[in-house]
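Visitor: I would like to learn how to read the features of a model such as this one, beginning with the exposure of a single residue. Could you take me through it step by step?

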Amino acid sequence: MNTLIALAIAPCGTGEEMAPLVSQVIKVIRDSGLSHRTNSMFTEIEGEWDDVMKVVKDATKVLVDQGIRTEVVLKADIRPGFTDMMHSKTEKVDAILGKDSGGKDVQ
């Protein structure tokens, strides 16, 4: 069952700068081998349900195992029969708007 998730895993109560701890989380996601992309607020991960959920668990444990209170925000899109939704969803919108995936006008 192909699943696309938007995921944010963040430490709580560790001060203003979270990048060093969030980087540990992102490393687990990147090392998973699943299709992913990270922006300033979320990381999207796409793959089979069990594989995606294992990555969510493993990435969360990176902080929890350090005794850090951890917040997880997850939104899932499960669409039977579809794959590569991470890219195709934005490509459809870009085509309607006459833009390429980088936001540049298409001639």
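Predicted model: local features only at pLDDT ≥ 70, side-chain atom pairs only at ≥ 80, totals over all residues.

Guide: A residue counts as buried when its relative accessible area is under 20%, as exposed when that value is over 50%, and as partly exposed in between.

Visitor: Which residues is leucine 74 in contact with, once its neighbours within four places in sequence are left aside?

Guide: Leaving those neighbours out, leucine 74 is in contact with Ile5, Ala6, Leu7, Met53 and Val56. Isoleucine 5 in turn touches Thr43, Glu44, Ile45, Val52, Met53, Val56, Leu74, Lys75 and Ala76, when residues up to four places away in sequence are not counted.

Visitor: How should I read threonine 60 by the same rule, as buried or exposed?

Guide: Threonine 60, which has its place in helix α2, counts as buried because its relative accessibility is 16%, and the cut-off for that class is under 20%. With residues up to four places away in sequence not counted, threonine 60 touches Ile9, Thr70 and Val72. The C-alpha atoms of threonine 60 and leucine 74 are separated by 12 Å, the two residues being 14 apart along the chain.

Visitor: How many helices and strands does the protein chain have, and what pattern do they follow along the sequence?

Guide: The protein chain has three helices and four strands, and read along the sequence they follow the pattern β-α-β-β-α-β-α. The C-alpha trace spans about 50 × 30 × 20 Å along its principal axes. Of the contacts in the chain with a separation of 6 or more, 67% are accounted for by residues 24 or more positions apart.

Visitor: With which strands does β1 pair, and in which sense?

Guide: β1 (2-11) pairs in the antiparallel sense with strand β3, residues 43-48, over six bridges, and in the antiparallel sense with β4 over nine bridges.

Visitor: Why can β1 be described as largely enclosed by the rest of the structure?

Guide: β1 is described in that way because ten of its ten residues are buried. Both of its faces are covered, with Asn2, Leu4, Ala6, Ala8 and Ala10 buried on one side and Thr3, Ile5, Leu7, Ile9 and Pro11 buried on the other. For the protein chain as a whole, 27% of the 107 residues count as buried.

Visitor: What should I look for when I turn to the nonpolar core?

Guide: In soluble globular proteins, nonpolar side chains tend to be buried together. Here the largest nonpolar core has 15 residues, and those with the most contacts inside it are Ile5, Leu7, Ile9, Val25, Ile29, Ile45 and Leu63. The elements that give two or more residues to this core are β1, α1 and α2 (49-64), and the largest share, five residues, comes from α2.

Visitor: What is the make-up of the lining of the second largest pocket, by class?

Guide: The second largest pocket, with a volume of about 150 Å³, has six nonpolar, one polar and five charged residues in its lining. Among the lining residues are Arg37, Glu44, Lys75, Asp77 and Lys89. β1, β4 and α3 each supply at least two residues of this lining, and the largest share, four residues, comes from α3.

Note on methods: Residues numbered from 1 in each chain as written. Heavy atoms only, no water. 1 Å grid on protein atoms, 1.4 Å probe; cavity = no way out; pocket = protein on both sides within 12 Å on 5 of 7 lines; lining within 4 Å. Points joined across faces, edges and corners; volume = space filled by probe spheres on them. Nonpolar A, V, L, I, M, F, W, Y, C, P; charged D, E, K, R; others polar. Core = buried A, V, L, I, M, F, W, Y, C linked by side-chain atoms within 4.5 Å. Buried < 20%, exposed > 50% of the residue type's maximum accessible area, 1.4 Å probe, protein only. Contact = heavy atoms within 4.5 Å. Pairing = 2+ DSSP bridges.
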